[in-house]
Every structure is written in structure tokens, then in C-alpha cells.
Amino acid sequence: MSSVLRILSSRTLHLFQTMWYPLDIVFGSIFKALRSRTLHASDSKACDTSCPQTSAIDGCNEQTDTMSHVEIIEVPRYYPLGVSEIIGRGGECFIGAIDEFTVLKYPCIPGNCESIQIEAQLLEVLGSHPRIIALKGRTENGLILQRASNGCLNDCLTSQSFIDLDRRLLWCKQAAEAVSYIHGKRVIHCDINLRNLLLDGNLDILLADFQGMLKSADDNTLLDGLSRECSKSYQPRVHGDYACVATDLFALGSAIYFVMTGHEVFPELDSLEDDEEILSRFRNGLFPNDNHPCPQITEKCWKQQYRQAAEVVSDLCLIQVT
């Protein structure tokens with residue numbers, strides 16, 4: 001889901017989409033029209049929400065007669081005390097640099113703090129772990145977080161012409177370790193992808209953007225930040241708003257595939273325009289069969305043959321040894 005759409009819809013359309021995602025035949029065209037209209041408006045005004053050097057307006061206000069019922073909200077950038085520049089976006093939040101070790105994550109719309117509060121609670125449940133982004137404190141504006149000095153894994157993989165196999169396997173194992181740890185705390189991430197896998201100063205993985213779920217021992221949902229996977233990481237299920245260990249492991253399989261091949265699953269398909277086709281392939285077991293070092297692992301993730309992420313870690317360790 002594009003960041004512009006998430007600002008436009010606040011949380012209402014996001015909840016509606018995730019609840020009804022499996023009924024894509026009925027509702028797919030509605031959401032695709034909304035997405036394409038929003039993206040077109042963004043492109044026509046050269047808006048780039050991820051780069052601090054671009055326009056001070058992140059939301060574009062172009063409207064058409066066919067979408068006259070949609071309210072477009074302009075979101076100007078702002079800089080709370082201590083923030084020197086905006087270095088990125090995370091969900092409905094800006095990521096502002098404080099210093100070389102610390103960032104402030106704060107809502108794009110001042111006062112829209114629900115997702116921030118849930119993320120803080122999830123991070124407090126998780127506590128300190130070398131594979132999890134560190135919560136350093138809270139302010140009235142947002143969350144003070146560890147700064148991942150080498151950006152996200154997605155950007156690293158797409159910008160580097162060569163990354164050796166050992167490094168790729170290490171990243172996969174570290175990602176699986178992070179997922180194993182959070183599941184042990186009954187936290188479901190709900191949006192595991194390479195943009196949420198960050199790299200610290202040593203190029204080690206940090207799992208970030210915790211706006212998923214906290215579960216009770218009997219699988220009741222205690223907290224829900226309403227985050228869900230994009231189509232290329234989404235496990236088909238009856239209820240689109242449901243999430244569990246298996247849905248995270250499915251997304252982990254897509255992440256491992258990306259790391260090992262250097263591209264997303266079904267690179268010929270667009271995650272927005274072709275979401276129905278992607279869902280159909282996953283539902284019918286038509287998974288990618290590219291030749292890479294971890295095909296059995298990705299397939300087992302997609303086919304729900306792992307019970308827990310620790311088993312993924314063990315299988316990756318065996319490949320590392322050989």
C-alpha cells in the first residue's frame with residue numbers, strides 16, 4: 001500500500017481493505033482505481049515521500065470528477081524540536097534524524113498518534129534484542145528509536161550489483177531469528193518485507209515498523225496496529241484481517257526469496273495492478289520455482305510446512321554449513 005494512500009485514507013480504508021482483501025474479485029477494482037488515481041496524482045506533481053530533498057507537500061491535491069467523493073489531504077512536512085531532517089517514512093509516520101544514532105518517528109498528521117502508541121507498546125513488550133529496532137524513549141511528538149545507519153535491506157539489494165552468498169544467507173538467518181524472537185513474545189509483525197528489515201552499522205538485520213498484533217496465550221488479539229502484508233507477501237486466507245505465526249512465516253518466505261534472488265516474487269507482476277493474479281497464484285499453489293540456494297525453505301514457508309520460525313533458522317544454518 002502506497003504511503004500516499006495511507007495518508008489519504010487515514011486508517012479507515014486500510015482496515016476496510018484488509019478485512020475484505022480475500023474478496024478481491026468484488027472489491028479489487030475499487031481499490032485499484034483509488035490507488036492508481038492517487039499514484040497518478042503523486043507522479044504528476046513529482047511527489048516523493050521517501051526523500052527529504054523533495055517538495056514540502058507529501059500529499060497531492062489533484063481531484064477528478066470521477067473521484068469527487070474522495071477527500072485529498074495535504075500533509076506538509078514539519079520538524080519537531082530536535083529533528084534536523086526527514087530521512088524516510090514508516091507507515092503513517094515521518095522518520096526524522098536527531099543524530100547519527102537516533103531518530104524520531106512521529107505522525108505525518110500531528111495528533112494522529114494511535115499507531116505510534118501501539119508500536120510503543122509492542123516494542124516495550126519485545127524489549128531489547130540485537131535483531132529488533134531499539135526503543136530509546138518517548139516524547140510528546142513520537143518515539144525515539146535506534147537509527148539504522150545503513151538504511152533498509154530493499155534499497156541495499158537493489159542498489160548493489162554484487163552481494164556474496166554468505167552475506168545473503170546471513171541476512172536470511174538474522175531475519176528468521178528476529179521473527180522467531182517476536183513470536184516467542186506473542187507478537188505478530190503482519191508486514192514482514194525488505195523495507196522493514198533495516199541494516200545497522202555492521203550491516204546486520206534490525207526488524208522494524210511494529211504495527212502488527214499482540215496475541216494472548218489463547219490467541220485472542222490484545223493489540224492491533226492494523227498493518228497487513230502487501231500482495232506479494234500475503235498468505236491467502238478466509239478473513240483478511242486475521243494474522244498469526246503462519247501468515248508471518250509466509251511473508252518471511254517471500255522476503256527470503258527476494259534476498260536470495262535479488263528480486264520480488266513474480267517480478268513480471270505489479271503488486272497493486274496485478275494483486276488479483278498474485279493472490280490467485282498463491283491460492284492455487286503456483287509459487288515461484290527459481291533456482292536459488294534456498295528453494296526448499298521458501299516453499300515450506302509458503303506451504304505452511306513450518307510450525308515456527310526457529311525451524312527456518314535451523315534449515316538456514318544447515319545451508320550455511322554446507
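Axes are lines fitted to C-alpha atoms, for helices over the stretch in contact, and angles between N-to-C directions run from 0 to 180 degrees. The legends below use this convention.

**Figure 1. Overview of the predicted protein chain.** The model is predicted: local features need pLDDT of at least 70, side-chain atom pairs count only at pLDDT 80 or more, and totals for chains, interfaces and linings use all residues. Residues are numbered from 1 along each chain as its sequence is written, and side-chain values use heavy atoms, with hydrogens and water left out. The protein chain has 10 helices and 10 strands. Helices (H or I, at least four residues) and strands (E, at least two) are DSSP runs, numbered from the N terminus. Of the 322 residues, 51% count as buried; buried means under 20% relative accessible area, exposed over 50%, and partly exposed in between, with a 1.4 Å probe and protein chains only. The protein chain exposes about 14700 Å², and carbon and sulfur atoms supply 51% of that area. Accessible areas come from the Shrake-Rupley method with a 1.4 Å probe; for residues, only the protein chains shown count as cover. Among contacts (heavy atoms within 4.5 Å) between residues at least 6 apart in sequence, 60% join residues at least 24 apart.

**Figure 2. Helices α9 and α10.** These two helices pack at an angle of about 170 degrees, with their axes 10 Å apart. At that angle α9 is roughly antiparallel to α10. Angles under 35 degrees count as roughly parallel, over 145 as roughly antiparallel, 65 to 115 as roughly perpendicular and the rest as oblique. From α9, the contact is made by I297, K300 and C301, and from α10 by V312, D315, L316 and I319. By class, the contact of α9 with α10 has 5 nonpolar, no polar and 2 charged residues. Here Ala, Val, Leu, Ile, Met, Phe, Trp, Tyr, Cys and Pro count as nonpolar, Asp, Glu, Lys and Arg as charged, and the others, Gly among them, as polar.

**Figure 3. Helices α6 and α10.** Helix α6 covers residues 165–184 and helix α10 residues 309–321; their axes come within 8 Å and cross at roughly 160 degrees. This makes α6 roughly antiparallel to α10. The crossing of α6 and α10 is left-handed; a crossing is left-handed if the near helix is turned anticlockwise from the far one by less than a right angle, and right-handed if clockwise. On the α6 side the contact is made by L169, L170, C172, K173, A176, E177, V179 and S180, and on the α10 side by A309, A310, V312, V313, L316, C317, I319 and Q320. The contact of α6 with α10 has 12 nonpolar, 2 polar and 2 charged residues.

**Figure 4. Helices α7 and α9.** Helix α7 (residues 245–261) and helix α9 (residues 295–302) pack at about 155 degrees, and their axes are 7 Å apart. At this angle α7 is roughly antiparallel to α9. The two helices make a left-handed crossing. Residues L249, F250, G253, S254, I256 and Y257 of α7 meet I297, T298, C301 and W302 of α9. By class, the contact of α7 with α9 has 7 nonpolar, 3 polar and no charged residues.

**Figure 5. L194 in a loop.** L194 is in the loop between β6 (187–188) and β7 (197–199). The residue has 3% relative accessibility and counts as buried. L194 and N154 are 40 residues apart in sequence, and their C-alpha atoms are 4.8 Å apart in space. Not counting residues up to four places away in sequence, L194 touches C152, L153, N154, L157, A255, F258 and V259.

Figure 6. E119 lies in helix α4 (residues 114–126) and is buried, with a relative accessible area of 1%. E119 and L143 are 24 residues apart in sequence and 8.7 Å apart, C-alpha to C-alpha. Neighbours within four places in sequence left aside, E119 is in contact with K105, L143, D209, F210 and Q211. D209 is in the loop between β8 (205–207) and β9 (213–215), and at 11% relative accessibility D209 counts as buried. Phi of D209 is near 65 degrees, a positive value in a residue other than glycine.

**Figure 7. R186 and its backbone angle.** Most residues other than glycine have a negative phi. R186 is not a glycine, yet has a positive phi of about 65 degrees. R186 is found in the loop between α6 and β6 and, at 43% relative accessibility, counts as partly exposed.
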